[in-house]
Number of protein chains: 2
Amino acid sequence: MALIVKKFGGSSVATTEKIMAVAGRILADKGPDDKVVVVVSAMGDTTDDLIKLAKAVTDKPYGREMDMLLATGEQVSIALLAMAFASLGQPAVSLTGFQAGIATTGAFNKGKIRAVKAERVLAELDAGKIVVVAGFQGMTAGGDITTLGRGGSDTTAVALAGAMNAAVCEIFTDVDGVYSADPRVVKAARRMREITYNEMLEMARLGAVVMQPRAVEMGKHYGVPIHVRSTFTRESGTIIREAYTVEEKEFTVRGVTHDANVAKVAILGVPDRPGIAFKVFSALAQANIDVDMIVQSIRNADKNINDIVFTIAQPDLPLAKQIIEKVGSDMGVLGVTVDENVAKVSVVGAGMYGSPGIAAAMFGALADAGVNIEVISTSEISISCLVQADKVKEAVAAIHARFFPDNANGG
Amino acid sequence: MALIVKKFGGSSVATTEKIMAVAGRILADKGPDDKVVVVVSAMGDTTDDLIKLAKAVTDKPYGREMDMLLATGEQVSIALLAMAFASLGQPAVSLTGFQAGIATTGAFNKGKIRAVKAERVLAELDAGKIVVVAGFQGMTAGGDITTLGRGGSDTTAVALAGAMNAAVCEIFTDVDGVYSADPRVVKAARRMREITYNEMLEMARLGAVVMQPRAVEMGKHYGVPIHVRSTFTRESGTIIREAYTVEEKEFTVRGVTHDANVAKVAILGVPDRPGIAFKVFSALAQANIDVDMIVQSIRNADKNINDIVFTIAQPDLPLAKQIIEKVGSDMGVLGVTVDENVAKVSVVGAGMYGSPGIAAAMFGALADAGVNIEVISTSEISISCLVQADKVKEAVAAIHARFFPDNANGG
């Protein structure tokens with residue numbers, strides 16, 4: 001007997017045929033005494049369709065009423081999936097986020113789960129039912145429906161699994177696990193059997209799109225293993241957990257990620273005075289712009305002026321440029337340049353700290369591939385290099401080949 | 001200042017354009033200090049579309065999960081209408097049946113309102129908001145969503161109005177009031193300014209389809225006036241209330257109704273023994289078949305045998321025939337005949353009791369029009385005649401002309 005939470009995304013339940021298929025698969029996999037909770041998203045394009053309706057009546061399609069509207073999407077999915085189980089002879093019950101005890105903060109459109117009161121879910125499981133829970137939604141203490149923002153259904157599933165002390169939370173998706181690099185870019189990318197929460201978080205931060213960081217953080221908080229696996233095959237995928245259960249020493253580097261959604265901003269000729277960097281970055285922070293890699297270099301030691309280079313997400317560039325040009329002109333800098341034609345390539349691995357050869361190997365791989373490095377930054381478990389955007393695939397392939405030679409065993 | 005509850009049905013909110021129009025109309029009608037609650041149904045064909053989805057996964061599309069599914073329809077409408085108000089600059093908030101305090105029984109698909117806890121609605125009104133409430137739904141004490149069955153949104157609106165002691169509950173519909181006869185049948189039909197709850201209930205029972213009886217009963221229970229009026233015009237419609245506010249003596253008969261959804265069953269040659277009628281009608285009651293007009297007549301006094309004739313709703317006929325043939329054969333009756341080619345025409349008026357001329361005038365009008373009367377039944381506030389179905393329009397017109405002469409003032 002095991003208590004298992006399974007999450008299926010919108011593409012897995014896009015049609016009634018797919019809903020029947022999901023129900024059939026869950027029953028085929030279910031041991032006689034297993035207790036199963038299924039978290040689902042809205043069917044296929046439902047959320048987009050609802051947003052279109054909202055845009056037809058208001059040019060501000062967000063806030064409390066948007067959550068009221070969007071929450072119907074998952075409510076349709078859970079009702080239909082519970083009916084599908086019933087039609088296959090399996091007792092089941094659907095629960096909205098509220099009914100499943102998902103208590104959220106009052107931040108509409110980007111609510112956070114503040115507690116999970118799983119009493120009803122547990123009672124329904126004890127009554128022999130499969131419990132189908134609406135992902136992506138919960139209710140505030142004041143009785144308002146909130147949605148959880150991007151990746152919210154994953155977070156619902158992991159939080160429920162954690163609160164109920166489930167054996168595992170299975171995330172069914174259109175990829176069959178977490179790879180050592182994006183398989184669309186690197187054919188030789190390997191599926192990992194295991195990866196730590198911290199590695200997964202760092203990979204997500206650095207461009208891997210398999211799982212939303214909030215769900216991984218939730219898993220880390222509760223210590224519940226997250227099994228990322230394919231909706232379309234029965235194979236095992238990748239298990240995200242606190243530490244490896246098997247020794248996999250040969251790969252200190254666990255993954256190579258890349259992120260093309262990056263822009264570089266350079267402020268040239270900045271006076272080298274205390275408080276200058278603070279002015280620049282607090283102005284950006286006030287505009288809610290996240291700054292990633294930051295490098296300050298000496299432009300002219302005699303004149304005491306520096307260059308400051310940093311990266312941001314591409315959509316933030318127009319606003320950031322405006323802010324920096326204003327701040328820069330106040331400070332009398334030589335100029336501001338921006339470049340969207342950049343990308344970030346990174347290596348991630350929990351065991352990297354204390355392995356100084358990693359950085360050298362990465363830079364060597366890039367040099368051998370003729371890829372120029374513009375900016376470098378490091379964290380305890382990652383090293384990132386900014387490269388020209390049109391070189392990013394070659395960069396990923398070269399680095400991956402260096403750390404995952406073809407004749408080595410899979411991780 | 002007045003507290004007003006307004007209800008708009010699915011055809012009034014079928015598109016986002018119509019939702020904007022409803023919001024605009026409500027604001028145009030709203031006095032500066034009026035407190036307004038709007039109850040809406042699901043948009044247009046939404047409910048049918050959801051039922052189609054359910055039928056694709058199960059051949060039993062009812063029960064708890066069906067209510068979970070259908071309740072999303074109103075939730076979409078309320079969110080969009082609240083957004084429409086906001087886009088017109090009017091603060092508004094949408095509430096599901098549960099959030100609006102509509103407590104229901106656990107009978108899925110045909111829940112009944114057992115209490116209305118309007119605290120949150122009142123608080124939102126006090127905060128200056130228009131409150132948009134999902135009709136047709138509520139929540140059980142156990143936390144399950146139930147729908148209210150046919151006419152459920154009217155019932156929600158009237159119950160809320162009653163619980164909050166509203167000045168009036170306005171039901172916006174595609175007709176502009178309650179008429180002295182169906183205007184599609186009788187061109188000279190008059191719109192009534194007022195009608196009593198009891199008259200409206202009797203007219204609904206006898207075929208008028210303007211309002212569901214449960215909503216009228218709810219109005220009577222709370223004593224809240226119900227104003228039936230058109231979505232498409234600004235004119236006043238008909239107010240349903242306990243008693244007339246104006247003397248309207250000239251029309252003792254308030255309405256002429258007809259119902260073609262009727263079938264006649266005759267049991268011929270029934271032995272005249274105590275308990276026979278009980279056997280017949282208890283068998284029908286067990287099958288949940290409502291019996292309407294009942295007449296027992298002596299067939300042969302010497303042999304002590306009678307005929308029993310009664311009417312039922314046409315959809316019940318196949319089952320009723322089967323039951324009656326079984327019971328009849330046990331009792332040794334001469335035969336059972338059925339006739340679907342019948343219709344019921346009725347006159348309704350609270351002041352009829354004690355006006356013996358009404359029945360004579362009705363029968364005279366039918367005789368003059370050459371319409372044969374098959375069965376007659378009376379209640380305290382109505383008289384009904386069963387006639388051949390192909391004569392029903394002539395019958396209604398003739399009776400209406402007798403009681404509402406063209407030169408008289410409107411009621």
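A: Here's a tour of the sheets in chain A, one after the other.

Keep in mind that this is a predicted model: local features need pLDDT of at least 70, side-chain atom pairs count only at pLDDT 80 or more, and totals for chains, interfaces and linings use all residues. Residues are numbered from 1 along each chain as its sequence is written, while chains are lettered from A and ligands numbered from 1 in the order in which they are written.

Let's start with the open sheet of eight strands in chain A, which goes 3-6-2-1-9-11-12-10 with mixed pairing. Helices (H or I, at least four residues) and strands (E, at least two) are DSSP runs numbered from the N terminus, and two strands pair if DSSP finds at least two bridges between them. At the edges you'll find strand 3 (92-95) and strand 10 (194-196) of chain A, each pairing on one side only. On average, neighbours in this sheet are turned by 20 degrees against each other, direction ignored. (Axes are lines fitted to C-alpha atoms, for helices over the stretch in contact, and angles run from 0 to 180 degrees between N-to-C directions.)

Now zoom in on strand 9 (168-173) and strand 11 (226-230) of chain A: they run parallel and are joined by five bridges. A:Phe172, for instance, has A:Arg229 in strand 11 as its bridge partner.

Helices pack on this sheet too. Helix 4 (119-126) of chain A touches strand 2 (35-40), strand 3 and strand 6 (130-134), at about 150 degrees to strand 6. Here, contact asks that the C-beta atoms of two residues, placed from the backbone, lie within 7 Å. Helix 5 (152-163) of chain A touches strands 1, 2, 6, 9 and 11, and makes about 175 degrees with strand 1 (3-8).

On to the open sheet of six strands in chain A: its order is 14-15-13-16-18-17, and the pairing is antiparallel. Strand 14 (291-300) and strand 17 (375-379) of chain A each have a single partner strand, so one side of each has no neighbour in the sheet. Neighbouring strands here are turned by 30 degrees on average, direction ignored. Strand 14 pairs with strand 15 (305-313) of chain A over seven bridges, and A:Val295 sits opposite A:Val309 in strand 15. Finally, helix 6 (197-205) of chain A lies across strands 13, 16, 17 and 18, at about 150 degrees to strand 16 (335-348).
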